Amino acid sequence: MFLIPLALVNVTVIVGPTIATVAYSFTDWTGLGVPDFVGVSNYIEIIHDASFWQAFIHNLEWMAVFLTVPIFMGLAGAYLLMSVRRGRSIYQAIYFIPYMIASVVNAAIWQNILSPNRGIGTALANAGVPWLKDVAFFGDRRLALGAVAFVDNWHWWGFVAVLFFTAMQAVDPSLYEAAELDGAGRWKQFLHVTIPSIRPTLMFVLLLSIVWSLLTFDYVYIITQGGPSGATELVSTLLYRAAFSEFRAGYAAALGVTMMALSAVVICGYQYLTRKRGWDV
């Protein structure tokens, strides 16, 4: 009985819109009026849409960054934090602050820092270091995707570090003592004691990174809107443009269902691996 209100909210907010999105994905709909059923035409168009494949490749590149850089930074930050004896909560708060700041504010901060006119490049040039002068991080096709990923990573890695730190605190200290008696140094202790002990958390963070890399939207849309010339276009921004600029809500729904299906495959694979190999305990 207590779960009935939550179940009703879940059906209203999640299940209902999901079913509607799947239904609209089989239609030619502008977002207004009566949708026209077109079968799988939208999905066939996705297969042959060069813009979709370009955006999907950008999603994979984004995933490659977030499966490596913030994970390593988070592990290193958490492990270093474990050696701190006083003021741990202060460092945890410092790590966590960027994650708590709204994405719009974070984006505005870094747009100013990396601005070619008034940002860090100009400040360094005035100090006699001209290497970054007039570099348009968000306006150069070669740099834009990496620059936006850098901003997103700045807000994300501290959250990952706090998750890893919490998991490391639960590791049995006797395991480290036994490893030290066997002659293991700090690196071997980290590799053979810490990593296996926090594996469930590590796998969960990897799952989050994969799914959110497929669905990421906010920082790219706020900073570049998919530009310049599609250099930072992701499937999510392509979907947004199709729905609200081109008024192709049916096609946008098909894009959404496609990414939802890919995310479901990833989650099912994660569940299978964790249960089969015992990585969830």
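This is a predicted model: local features need pLDDT of at least 70, side-chain atom pairs count only at pLDDT 80 or more; totals for chains, interfaces and linings use all residues.

In which loop does Asp134 lie? Select Asp134: the residue lies in the loop between helix 7 (120–126) and helix 8. Helices here are DSSP runs (H or I, at least four residues), strands are runs of E of at least two residues, and both are numbered from the N terminus.

Residues are numbered from 1 along each chain as its sequence is written, and side-chain values use heavy atoms, with hydrogens and water left out.

**Backbone particulars**

Remain at Asp134 and display its backbone torsions. Most residues other than glycine have a negative phi, and most peptide bonds are trans. Asp134, which is not a glycine, has a positive phi of about 65°. Asp134 counts as exposed, at 54% relative accessibility; the scale is buried under 20% relative accessible area, exposed over 50% and partly exposed in between, with a 1.4 Å probe and protein chains only.

Next, select Gln225, in the loop between helix 12 and helix 13. Its phi is also positive, near 55°, in a residue other than glycine. With 47% relative accessibility, Gln225 counts as partly exposed.

Then move to Pro228, found in the loop between helix 12 and helix 13 (235–244). The peptide bond from Gly227 to Pro228 is cis, its omega being near -5°.

**The whole chain**

Zoom out to view the entire chain. It contains 14 helices and two strands. Along the principal axes, the C-alpha atoms fill a box of roughly 70 × 65 × 35 Å. Of the 281 residues, 39% count as buried. Among contacts (heavy atoms within 4.5 Å) with a separation of 6 or more, 69% join residues 24 or more positions apart.

Centre the view on Met168. Not counting residues up to four places away in sequence, Met168 touches Leu75, Ala78, Tyr79, Met82, Phe190, Thr194 and Ile198.

**Helix 9 against helix 10**

Select helix 9 and helix 10. Their axes come within 10 Å and cross at roughly 160°; axes are lines fitted to C-alpha atoms, for helices over the stretch in contact, and angles run from 0 to 180 degrees between N-to-C directions. Helix 9 is therefore roughly antiparallel to helix 10, a term for angles over 145 degrees. To see the contact, display Leu175, Tyr176, Ala179 and Glu180 of helix 9 with Gln189, Val193, Thr194 and Ser197 of helix 10.

**Two further helices**

Select Ser103, in helix 6. Leaving aside neighbours within four places in sequence, Ser103 is in contact with Asp218, Tyr219 and Ile222. The C-alpha atoms of Ser103 and Phe159, 56 residues apart along the chain, are separated by 14 Å.

Finally, select Met260 in helix 14 (residues 249–277). Is Met260 buried or partly exposed? Met260 is partly exposed, with a relative accessible area of 38%. Apart from neighbours within four places in sequence, Met260 is in contact with Thr18 and Val22. The C-alpha atoms of Met260 and Ala107, 153 residues apart along the chain, are separated by 26 Å.

Definitions and conventions:
Angles under 35 degrees count as roughly parallel, over 145 as roughly antiparallel, 65 to 115 as roughly perpendicular and the rest as oblique.
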